[in-house]
Structures are given as C-alpha cells and as structure tokens.
Amino acid sequence: MTGYFLLKNLHIGLALISGLGFALRGYLRLVLDRPYPGPLVRIGPHIIDTLLLISGIGLWMQTRHGLLSWMGLKLVLILVYILMGVGALRSKSRGTGIMLYWLALGVFLSIAIIAIEKPM
Ligand code: HEM
C-alpha cells in the first residue's frame with residue numbers, strides 16, 4: 001500500500017474513532033446524565049482529534065484540493081462541528097446541550113458523506 005493510502009486509511013480510522021467517541025461521551029453525559037468522566041476520557045479525544053487534524057493536513061498537502069470545492073465546505077463544517085461539540089458538552093442547560101449534541105452528530109455525518117461523495 002502506498003504512503004497516501006496508508007495515511008488515508010489512518011485518517012478514516014481516526015475519523016471513525018473520533019465520531020464514535022463523541023457520540024458515546026455525549027450520550028453518557030447529556031442523554032443519560034452520567035457524572036463527568038475521569039482525566040483519560042477527557043484527554044483521549046484531544047489526542048485522537050489532533051492526529052485526525054494532522055492526517056487530514058497531510059492528505060490535503062498531497063491532494064491540494066482547492067478551497068472552492070467540497071474541501072472548503074468540509075473545513076467550514078468541521079469548524080461548526082467543533083463549536084457545536086464544545087457547546088454541547090459545556091452547556092449549562094441540559095436541554096440545549098442535548099440539542100447541540102444531536103446537531104453536532106448530524107454535522108459530523110454530513111462531513112463524512114461530503115468527504116466520501118466529493119459532490120463539487
Ligand atoms: C470531523 C473530521 C473529519 C472527518 C469525519 C473526515 C472524514 C474523511 C473521510 C471519510 C475521508 C475519506 C474519503 C474517501 O473515501 O475518499 C476523508 C478524506 C480526506 N480528508 Fe478528512 N475528515 C475529517 C477531518 C479532516 C481535516 C481536518 C482535513 C484537513 C485539514 C481533512 C482532509 C481530508 C483530505 C485531503 C482527504 C482526502 C480526499 C481525497 O480522497 O482526495 N479531513 N476524510
């Protein structure tokens with residue numbers, strides 16, 4: 001397997017772990033109202049997300065997709081996803097947190113679909 005496909009598969013794997021991790025943490029914290037998790041559960045996602053970002057930048061440097069394409073839309077949606085995810089887990093109101101959680105999951109799903117389909 002070439003370096004590019006290795007990096008791409010790593011990126012896809014990290015995206016899956018990151019998305020599933022957020023879905024699980026949010027569900028436990030917000031929907032089931034479980035107490036705040038220990039330090040490992042808090043630091044782990046930052047490590048995964050940093051690796052996801054680095055692998056994404058590595059792929060981008062190789063593919064050089066223009067910003068006026070699905071790539072630009074994906075980057076904007078990643079920013080929206082991060083803001084919604086942070087908002088969901090930090091929200092003082094549980095109702096708002098749950099709403100932001102489901103919206104963030106929807107945005108995450110759309111990022112993955114846009115990356116796979118490359119619609120424009
Ligand atoms: C929520 C975060 C992210 C998700 C869910 C995600 C998802 C994906 C998926 C599923 C693919 C594979 C597409 C395919 O099968 O062809 C992919 C490829 C790619 N991603 Fe990401 N990604 C994320 C973050 C990033 C970031 C932060 C960057 C850049 C800064 C990035 C840049 C790329 C590039 C350049 C490709 C290769 C596209 C190609 O095949 O030409 N991704 N991403």
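Helices here are DSSP runs of H or I with at least four residues, strands are E runs of at least two, and both are numbered from the N terminus. By that count, this protein has 4 helices and 0 strands. Welcome to a predicted model, in which local features need pLDDT of at least 70, side-chain atom pairs count only at pLDDT 80 or more, and totals for chains, interfaces and linings use all residues. Residues are numbered from 1 along each chain as its sequence is written.

**Overall build**
- Along the sequence, the pattern reads α-α-α-α.
- The C-alpha atoms fill a box of roughly 45 × 30 × 15 Å along the principal axes.
- Of the 120 residues, 15% are buried (20 or more other C-beta atoms within 10 Å of a residue's own, with C-beta atoms placed from the backbone).

**H1 with H4**
- Helix H1 (residues 3-31) and helix H4 (residues 94-117) have axes that come within 10 Å and cross at roughly 165° (axes are lines fitted to C-alpha atoms over the stretch in contact, and angles run from 0 to 180 degrees between N-to-C directions).
- H1 is therefore roughly antiparallel to H4, a label for angles over 145 degrees.
- Residues making the contact include Gly19 and Ala23 of H1 and Tyr101 and Phe108 of H4 (contact needs C-beta atoms, placed from the backbone, within 7 Å).

**H1 with H2**
- H1 also packs with helix H2 (residues 39-63), at an angle of about 150° and with the axes 9 Å apart.
- Among the contact residues are Leu14 and Phe22 of H1, along with Leu52 and Leu59 of H2.

Key
Angles under 35 degrees count as roughly parallel, over 145 as roughly antiparallel, 65 to 115 as roughly perpendicular and the rest as oblique. Two residues are in contact if their C-beta atoms, placed from the backbone, lie within 7 Å. A residue is buried if 20 or more other C-beta atoms lie within 10 Å of its own, exposed if 12 or fewer, and partly exposed in between; C-beta atoms are placed from the backbone.
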